[in-house]
Amino acid sequence: MQLTLEFGGGLELLCESKKIHKVNVETQKGVEKLTMKDLLTWVRTNLIKERPEMFMKGDTVRPGVLVLVNDCDWELSGQLNTTLEEKDVVVFISTLHGG
Amino acid sequence: MESNGGDASQILRQIETLKATRSDIDRRISALEAQLREINPSHGNDAVLNGSCPPISGFDSGFGHGLSPDNIYRYSRHLLLPSFGVQGQSNLLKSSILVVGAGGLGSPALLYLAACGVGRLGIVDHDVVEVNNMHRQIIHTEEYIGQPKVKSAAAACRSINSTIKIVEHQEALRTSNALEILSQYDIVVDATDNAPSRYMISDCCVVLGKPLVSGAALGLEGQLTVYNYNGGPCYRCLFPTPPPSTACQRCADSGVLGVVPGVIGCLQALEAIKIASAVGEPLSGRMLLFDALSARIRIVKIRGRSLQCEACGESATFTRQQFQEFDYEKFTETPLSPSPLKLNLLQADSRISTKEFKEKIVKGEVHILVDVRPEHHFKIVSLPGSLNIPFRSLEARLPEISSALEEEGNKTKSGSGAQLYVLCRRGNDSQRAVQYLHKMGFTSAKDIIGGLEGWARDVDPNLPMY
């Protein structure tokens with residue numbers, strides 16, 4: 001499944017300072033759909049190069065990270081259960097506090 | 001030598017400051033002259049100085065909208081906007097807005113809010129103007145260095161618009177004073193720079209039922225949204241659990257391109273103006289994400305008010321008293337007025353003061369000095385002869401330290417080997433590095449207490465600091 005993943009607010013530092021990743025995520029055999037839960041595991045294994053605790057806590061993202069699926073808060077689409085489709089854009093952004 | 005150098009640089013600094021003051025005065029004189037010409041083009045200076053007709057400002061001009069003739073003229077370009085017009089301006093003139101923080105976000109926000117004619121504009125800040133803030137905190141001028149930001153910002157706002165009321169709150173916002181201060185205003189603008197303040201201001205706005213225009217900026221990115229407005233979410237709806245304190249970077253550590261908070265601060269002023277004038281569609285339930293480097297702005301839909309929210313949810317009973325008793329510093333594990341961290345990880349015999357280190361150099365002790373700051377820090381300023389191995393790559397680059405020690409050690413007559421010293425910006429990472437080096441067998445590694453900042457303070461005041 002072709003997806004565009006974007007990291008911002010400092011999270012890009014965890015994946016070699018690259019903000020936009022065009023990726024191809026294989027779904028498991030016999031399973032058609034890919035959920036956000038699957039994607040998080042995939043990202044943690046394949047893209048996060050350092051300090052994974054700055055990206056995830058337990059099986060979800062750490063507090064202070066907003067997840068957007070096609071420019072929409074994942075809270076509105078079912079969080080970890082959100083089903084992804086071909087060419088979806090998923091953004092992970094750390095909230096900023098500076099000023 | 002050093003003290004002479006110190007005197008000279010001090011004099012040079014004074015000259016620079018005086019020159020800046022002089023050009024500022026020149027600018028102000030020409031601005032006033034231009035103003036004079038505009039007021040009275042035919043009569044020149046004398047007529048005005050002798051006092052011409054007193055203006056009838058402050059009086060309703062009798063057109064049913066409450067705007068005085070002076071206000072009509074001053075805000076005419078607003079009045080000419082069909083979607084804003086006299087109603088928008090008159091709403092604005094009757095409104096009151098509080099800006100918390102007169103820094104990178106607050107500077108442009110305050111300038112625009114003062115200029116646009118908000119009836120009463122409050123400023124909260126406890127900090128003083130520093131020269132290394134001025135690249136982004138554009139409301140402050142060099143003549144106010146060392147003075148309270150509130151005083152400086154208020155003076156700038158008054159010089160732009162003397163017809164509105166500017167209120168100075170020269171204090172840190174705390175749970176003890178927040179209710180009293182925020183309750184005096186219709187709209188709150190969060191232009192602070194830390195997590196505990198953001199939770200505190202949002203909760204206080206929920207308790208008082210005030211809309212909150214929240215902005216943040218760091219590095220080359222900015223974020224903006226409106227909380228607690230018309231049934232929309234509050235800060236806690238979005239972030240019920242605070243992030244780990246290690247995820248909260250500060251501009252003083254991570255850097256910030258000056259214009260980035262400038263852009264977000266301007267947008268905060270815009271959102272506050274929209275709410276105050278009751279014109280347009282405020283950014284509630286949506287968030288603006290600004291990426292300066294790739295020149296992209298994305299506006300995303302965020303969740304609505306959370307029914308489970310501890311501050312504003314259905315069963316929430318967050319009262320004034322609970323607010324006053326809430327410990328925001330403990331909640332976020334971050335102090336409200338952030339000061340640099342001061343670790344103390346090592347035994348005294350694994351540490352050396354900057355002055356002692358200087359003596360070792362003077363005596364010609366054979367040593368290796370490893371500077372563990374990131375490479376881009378090292379490029380700003382470094383001590384002569386130091387070897388830059390950033391803390392993050394220390395593990396991979398241990399062999400470089402071994403070979404440098406061996407090479408230098410050969411120079412000692414007795415073969416006693418070279419000493420190993422570790423330096424960073426403030427003396428925290430150097431302690432972490434020494435701890436790691438000890439573990440990896442470099443048992444003689446010593447941390448230089450206070451880092452480069454300590455060196456600049458106690459040994460070489462001419463070393464540039466950042």
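Contact here means heavy atoms within 4.5 Å. Helices (H or I, at least four residues) and strands (E, at least two) are DSSP runs, numbered from the N terminus. This is a predicted model, in which local features need pLDDT of at least 70, side-chain atom pairs count only at pLDDT 80 or more, and totals for chains, interfaces and linings use all residues. Residues are numbered from 1 along each chain as its sequence is written, chains are lettered from A and ligands numbered from 1 in the order in which they are written, and side-chain values use heavy atoms, leaving out hydrogens and water.

Chain B has domain 1 (69-332) and domain 2 (348-459); such bounds come from an automatic or database domain assignment. Their C-alpha centres lie 44 Å apart.

Start with two helices of chain B. Helix 5 (residues 85-94) and helix 12 (residues 259-277) have axes that come within 8 Å and cross at roughly 100°. Axes are lines fitted to C-alpha atoms, for helices over the stretch in contact, with angles from 0 to 180 degrees between N-to-C directions. The pair therefore counts as roughly perpendicular (65 to 115 degrees; under 35 is roughly parallel, over 145 roughly antiparallel, the rest oblique). B:G88, B:N91 and B:L92 of helix 5 meet B:I273, B:A276 and B:S277 of helix 12.

Now the sheet. Five strands of chain B form an open, parallel sheet in the order 9-13-12-10-11; strands pair if DSSP finds at least two bridges between them. Strand 9 (351-352) and strand 11 (387-388) each have a single partner, so one side of each lacks a neighbour in the sheet. Two bridges join strand 9 to strand 13 (residues 446-448). There, B:I352 stands opposite B:I448.
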